[in-house]
Amino acid sequence: MRQCVRRCCDSTVKVTELRLRLSTAKVGKTSLIMSLVSEEFPNVPYRAEEITIPADVTPERVPTHIANVICIVYSVNNKKCAVSHVDCGGLLRVPLILVGNKSDLVEHSSMETILPIMNQYSEIETCVECSAKNLKNISELFYYAQKAVLHPTGPLYCPEKKDMKSHCVNALTRIFKVSDLDNDGILNDNELNFFQRTCFNTPLEPQALEDVKNVVRKNLIDGVSNNGLTLKGFLFLHTLFIQRGRHETTWTVLRRFGYDDDLELNQDYLFPPLKIPPDCTTELNHNAYLFLQSVFDKHDKDRDCALSPEELKDLFDVFPYMPWGPDVNNTVCTNDQGWITYQGYLSQWTLTTYLDVQRCLEYLGYLGYSIIAEQESQAAGITVTRDKKIDLQKKQTQRGVFRCNVFGDIGSGKSGFLQAFLGKNLTHQKTINEEHRSYYAISTTYVYGQEKYLLLHEVFPDYDYLSDADLACDIVCLVYDVSNPYSFEYCAKVFKQYFMDSKVPCMMIAAKSDLPEVKQSYGCSPLEFCRRHKMPPPQSFTCNTAAAPSRDIYTKLTTMAMYPHVSQADLKSSTFWLRASVGATVFVVLGFAMYRALLKTR
């Protein structure tokens with residue numbers, strides 16, 4: 001009978017390196033290794049040189065290099081030598097295996113003496129007796145050593161409490177919520193089968209599925225609901241796996257969902273490589289938008305096409321922190337209650353992808369994009385646009401996001417211009433908490449029937465210290481207050497210092513046009529300035545309206561960003577602007593109606 005005791009409850013680490021350690025000389029360390037490699041009792045050297053144990057002689061089929069698990073070898077006819085070195089091994093914070101060698105020299109087992117040691121030290125994974133001479137349990141010894149490294153129990157289970165550790169529970173809870181595709185709090189048969197295929201590359205047979213649920217039913221009152229597995233049932237199953245020594249099952253699940261040996265999401269999982277050449281931008285592709293739409297739909301429980309604070313909190317429950325602050329509600333479109341709408345939700349994801357693609361990859365990782373969308377990594381959801389120089393040469397672009405940097409002196413109306421893009425008039429803007437102010441606004445516009453994102457960025461008014469980021473954009477918007485005689489001068493100086501010789505198109509905005517216009521104390525009028533520098537004439541704008549402010553100006557900005565090569569004559573043509581904006585209202589209404597129709601079908 002095999003003489004070994006397996007602990008179902010403690011250890012750490014990864015891949016297979018092994019150290020054999022001893023308390024006294026001549027207990028058989030070298031003999032154990034040489035016997036495994038040669039499969040016969042060898043002529044043993046005083047000390048073996050570094051050896052790699054080949055995969056074909058180990059049950060796990062993994063090559064083993066002789067350090068991340070320690071085997072403390074003692075001779076079964078001298079059990080005292082095992083005790084003194086357990087403390088030393090424990091200090092190294094790696095799994096320990098007690099190995100009683102030379103079992104061929106005694107007729108009785110040493111396990112009764114060794115078990116108290118195992119109970120005293122939680123670092124000890126396994127106790128096993130073997131014999132290098134007659135090859136007894138040699139292969140099994142190295143199997144347990146590899147298992148202790150590849151599938152450690154320490155991060156998963158607390159033997160004193162006979163329960164999973166909190167980090168393990170948290171990781172498995174996130175996995176459950178990611179796998180609960182309809183967010184109803186249970187894993188139905190389809191979700192369980194998808195989970196099974198994702199983790200183990202094979203579906204569960206219907207009877208096997210029922211057997212699993214029956215095991216949970218017998219042991220847990222609320223482990224199964226509506227014939228689906230609840231979170232409590234899911235956690236119970238993994239506790240059962242670990243207690244029965246099947247913790248490799250739990251580790252397979254954890255690693256498939258991106259966790260490392262410390263039960264933290266692996267950096268390689270969260271931040272897959274993504275090469276972004278200069279002058280290129282990053283956008284979400286079609287598959288990523290579909291995934292994010294499904295996430296929105298999953299959490300929009302009342303089907304009002306907006307996320308309440310509770311629904312938003314539930315959506316981000318799989319994150320280690322809340323990624324969106326209150327400023328987001330002033331960055332994207334919201335409903336009358338101030339909740340982020342479906343369009344606003346997609347806009348914020350678009351903004352994050354454009355400004356900080358690494359952060360976007362991280363967020364998609366928390367949501368389980370690569371797993372649910374069955375992609376190699378989150379990077380598969382990102383499109384890197386071609387160099388803008390090529391767009392200019394070809395006079396066309398496939399990009400879907402355009403950045404407009406908004407310049408203007410203090411009090412010129414820049415913030416109002418940004419908020420008006422989100423449908424907020426002056427009355428609404430006055431209710432915004434200054435601490436929740438945003439320097440970005442993003443929403444969609446329609447140019448020639450194509451939906452595009454326009455990203456507005458308010459630049460701090462200090463033209464002597466503008467950074468490269470302040471200047472990098474697709475179009476420049478220069479805002480001045482028509483009622484302030486000194487407001488236009490700032491716009492003129494910024495243009496002449498940074499954009500006069502640039503190929504970036506610029507547009508002048510005559511803000512607060514509801515107020516009496518005064519003469520600007522500059523060398524020439526704004527209209528004459530625009531004429532001299534071949535810019536479109538200043539565009540009148542006000543957000544002091546009863547309803548939502550007009551969006552026409554934003555369509556013009558997007559059009560100029562898309563077609564920077566368009567001539568000054570075309571920009572002055574009303575026919576050009578009419579062609580660009582035609583169909584915009586139809587597409588907005590149609591897009592919203594299509595989403596509502598999709599919700600009904602679901």
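The protein chain in this predicted model averages a pLDDT (the predictor's confidence in each residue, from 0 to 100) of 84, with 80% of the residues scoring at least 70. Since the model is predicted, local features need pLDDT of at least 70 and side-chain atom pairs count only at pLDDT 80 or more, while totals for chains, interfaces and linings use all residues. Residues are numbered from 1 along each chain as its sequence is written, and side-chain values use heavy atoms, with hydrogens and water left out.

Turning to the sheets, six strands line up as β18-β19-β17-β20-β21-β22 in an open sheet with mixed pairing. Helices (H or I, at least four residues) and strands (E, at least two) are DSSP runs, numbered from the N terminus; two strands count as paired if DSSP finds at least two bridges between them. At the edges sit β18 (440-447) and β22 (539-541), each pairing on one side only. On average, neighbouring strands of this sheet are turned by 30° against each other, direction ignored. Helix α14 (residues 342-355) packs on the sheet and touches β17 (401-408), β18 and β19 (450-458), its direction making about 65° with that of β19. Such angles run from 0 to 180 degrees between N-to-C directions, with axes fitted to C-alpha atoms, for helices over the stretch in contact. Three bridges link β21 (residues 506-511) to β22 in the parallel sense, and Ala510 stands opposite Ser540 in β22.

Helix α21 (residues 487-499) has 13 residues and reaches 18 Å from first to last C-alpha, close to the 18 Å expected at 1.5 Å a residue (1.5 Å times one less than the number of residues). Its buried residues (under 20% relative accessible area, 1.4 Å probe, protein chains only) include Phe488, Tyr490, Cys491 and Phe495. Their cover includes β17, α20 (468-471), β20 (475-481), β21 and α22 (526-532).

A further open sheet has three strands, in the order β10-β12-β11, with antiparallel pairing. Its edge strands are β10 (186-187) and β11 (224-225). Two bridges join β11 to β12 (residues 228-230), and Val224 stands opposite Leu229 in β12.

Finally, an unreviewed UniProt entry places the feature "domain: EF-hand" at residues 287-322; such annotations may be inferred rather than shown by experiment. This span is 56% helix and 6% strand, and its end C-alpha atoms lie 24 Å apart.

Key. Contact means heavy atoms within 4.5 Å. Buried means under 20% relative accessible area, exposed over 50%, partly exposed in between (1.4 Å probe, protein chains only).
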